[in-house]
Amino acid sequence: MRTLGPLESTDPERIGRYRLIGRLGAGGMGQVFFGRSAGGRAVAIKRIHPHMAADTSFRQRFAREVTAARQVSGAFTAPVIDADPDDQVPWLVTSYVPSLPLDEAVRAHGPLPEASVRVLAAGLAEALAEIHRVGLIHRDLKPGNVLLAEDGPRVIDFGIARATDGTAATQSVIGTPGFMSPEQVQGEALTPAGDLFAYGAVLAYAATGTGPFGEGSMPTMVMRIISHEPDLSAVPESLRHLVAACLSKDPQGRPGPGEILDYLGDVHVGPAWLPPAVMMGVQEQVAKVNKALAVSAGDGRATGAHQRTEALGGATALGGAAAGAAASDALDDDRPTRVAGGAPGAEEGATSVLGEQAHQQGYQPTARFPGAQQVPPTAQYGQDATAHGYGAVSAYRQQEGGPGGEDPYADLYGTRRDSRAEAAADPYQQQEQLRRQEEQRRRRMEEQQRQQEQHRRAEEQRLEQRRRQEAERAHRERVRAEQEAARRAQAQARHTDQPGLWGFVKLLPLLIIPLIQIPLGYGAALAWSWFTAESGVWNGMAYSFEPLSMDSFWHATMLGYFIFNNLVSLEYLVRSLRASFVTGAVLALGAVAATNGLLYSFGFWG
């Protein structure tokens, strides 16, 4: 229950026929007041901001919301009982439910037990069934819009509901992070299945104390809702399958309210459906509401000023229920409306027909015909029968036939029967008839139980088959996703290892300009000369290399080109072949052919 605050000096005393008692809160759309109807009912009055009343488009939207909300009724919603969208400042009145919001109850007392969550699940499913029946989508089902009352849960706040046949349902994203469906956060067209996703999130919150996607900023929650699986590890096992089905990413995979109610079966909603601490908080709110209503009823302004009305020539005064005795005497509030044309002397008090005035005139309640003899129903036979220990019927039978007399009404049956024999036979006949009726009732109950058992088994089989189908579909989706991820990883790996054309272009200066080839050639020639002449390992002809001669310079340069260009080109060729980079392979082979062709033309191979 929202905190009840006092009215401000600028607040009206009444809106329509409703007396304002206090403030419940305010938002971007308007103020919400707590009040009472003329009959003493607790109501919530929603009044839009006065500065928004001049906005024609807003008035039209408010009128659409009122029309939509008026279609919703049921035991698990707070129905609209009055509204005036065309007033100078439009307003809306709903039934007020003394309760605790689900989010406040969970924050104050922790998650609800499994039995309470089952009652909550059944109540919310019935509420959504009623909402969807009239073609509406709630669009913002969250713990703050679920009230825990003494007799069960309630769904409130249809301020953003839209008719499914309209276009406003897809114009903007409205909702609460963590309790919106994937299609809602992506701005897609909404269906009643979106409310079922929020329904599953609310049940998870009630059972665990946190939403199935955790907490975080709006972008973080949107990413989790779209791409992550909900965390249902703390949800009771008996409800985990239901919650998981409602939180399916695919709207077609979510059950409807009717299927949920069939799955839950009959749920007992007793006075202890909530934990004691939560129920105590609810009862405190009920006491506060009753006290506020009682205080407002004691205020003379609660029922309006006293007014006198004339009805068919007779004067009457209508006063408040809390008026004192002096006010009643002064205004004649204790008198009824006069009969048309009645004389003043013919007036009677409100209780004068059977009250003091009748006693003063000597009348009794049954003295309408004074000459009639007042005879109690059993006065003729009661004295004699009582004296002899018999009841009225036995005395009458004794008069007719004595102790052994016959039934005086036997002629009506065509035979004459002994009364005592009939009295003795009747109990046995009645007992036999009752036994037959009890047997028939037992057989009917057994047949009903058999039918219910068959229905339950068929439902379990259907749910099990659907569960297997969902599991198979989920497995296929998971395998397909894994295969697609593997293909993407392979393609990304190939793309990462694939050499680019720019890489080959950067190698061209190294392949042409002898920056590395000359030192590499000198080193290779000196190493080969040492190996063949001085190492003692080589048994063939020794190679002689003179570093300072021109012939040795050209020979070392060509040897360096041969070694460096071929190694670099072969490495580029291998990388291109691994990544199936045909262009790179052709360029590498071209570099090898060009290098060795030029060396051949310069006599390197001679």
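**Entry 1: cavities**

I started with the lining of the second largest cavity, which divides into seven nonpolar, one polar and no charged residues. My classes: Ala, Val, Leu, Ile, Met, Phe, Trp, Tyr, Cys and Pro are nonpolar, Asp, Glu, Lys and Arg are charged, and the others, Gly among them, are polar. This is a predicted model, where local features need pLDDT of at least 70 and side-chain atom pairs pLDDT 80 or more, while totals for chains, interfaces and linings use all residues. Numbering runs from 1 along each chain as its sequence is written, and side-chain values use heavy atoms, with hydrogens and water left out.

A cavity here is a set of points, on a 1 Å grid over the protein atoms alone, where a 1.4 Å probe fits but cannot get out; lining residues have an atom within 4 Å of a point. Points are joined across faces, edges and corners, and the volume is the space filled by probe spheres set on them.

That second largest cavity holds about 30 Å³. I listed its lining as Phe504, Leu507, Leu511, Val568, Ser569, Tyr572, Ala588 and Ala591. Two or more of these residues come from each of α15 (501–512), α17 (550–578) and α18 (582–601). Helices (H or I, at least four residues) and strands (E, at least two) are DSSP runs, numbered from the N terminus.

How many cavities reach 30 Å³ or more? I get two. The largest has about 140 Å³ of space, and its lining includes His241, Tyr263, Arg466 and Glu470. By class I find six nonpolar, one polar and four charged residues there. Helix α14 gives the most, with four residues.

**Entry 2: six-stranded sheet**

Next I traced an open, antiparallel sheet in the order β1-β2-β3-β4-β6-β5. Strands pair if DSSP finds at least two bridges between them. β1 (14–15) and β5 (80–84) each have a single partner strand, so one side of each lacks a neighbour in the sheet. Helix α1 (residues 56–70) packs on this sheet and touches β4 (42–48), β5 and β6 (91–95), its direction making about 155 degrees with that of β5. Contact means heavy atoms within 4.5 Å; axes are lines fitted to C-alpha atoms, for helices over the stretch in contact, and angles run from 0 to 180 degrees between N-to-C directions.

I also checked β1 against β2 (residues 18–26): two bridges, antiparallel. Arginine 14 has arginine 19 in β2 as its bridge partner.

**Entry 3: three-stranded sheet**

The order here is β7-β9-β10, open and antiparallel. Two bridges join β7 to β9 (residues 146–149), and I found leucine 148 in β9 as the bridge partner of leucine 100. Helix α3 (residues 114–133) packs on the sheet, touching β9 and β10, at about 35 degrees to the direction of β10.

Technical notes. On a 1 Å grid over the protein atoms alone, a cavity is a set of points where a 1.4 Å probe fits but cannot get out, and a pocket is an open set with protein on both sides within 12 Å along at least five of seven lines; lining residues have an atom within 4 Å of a point.
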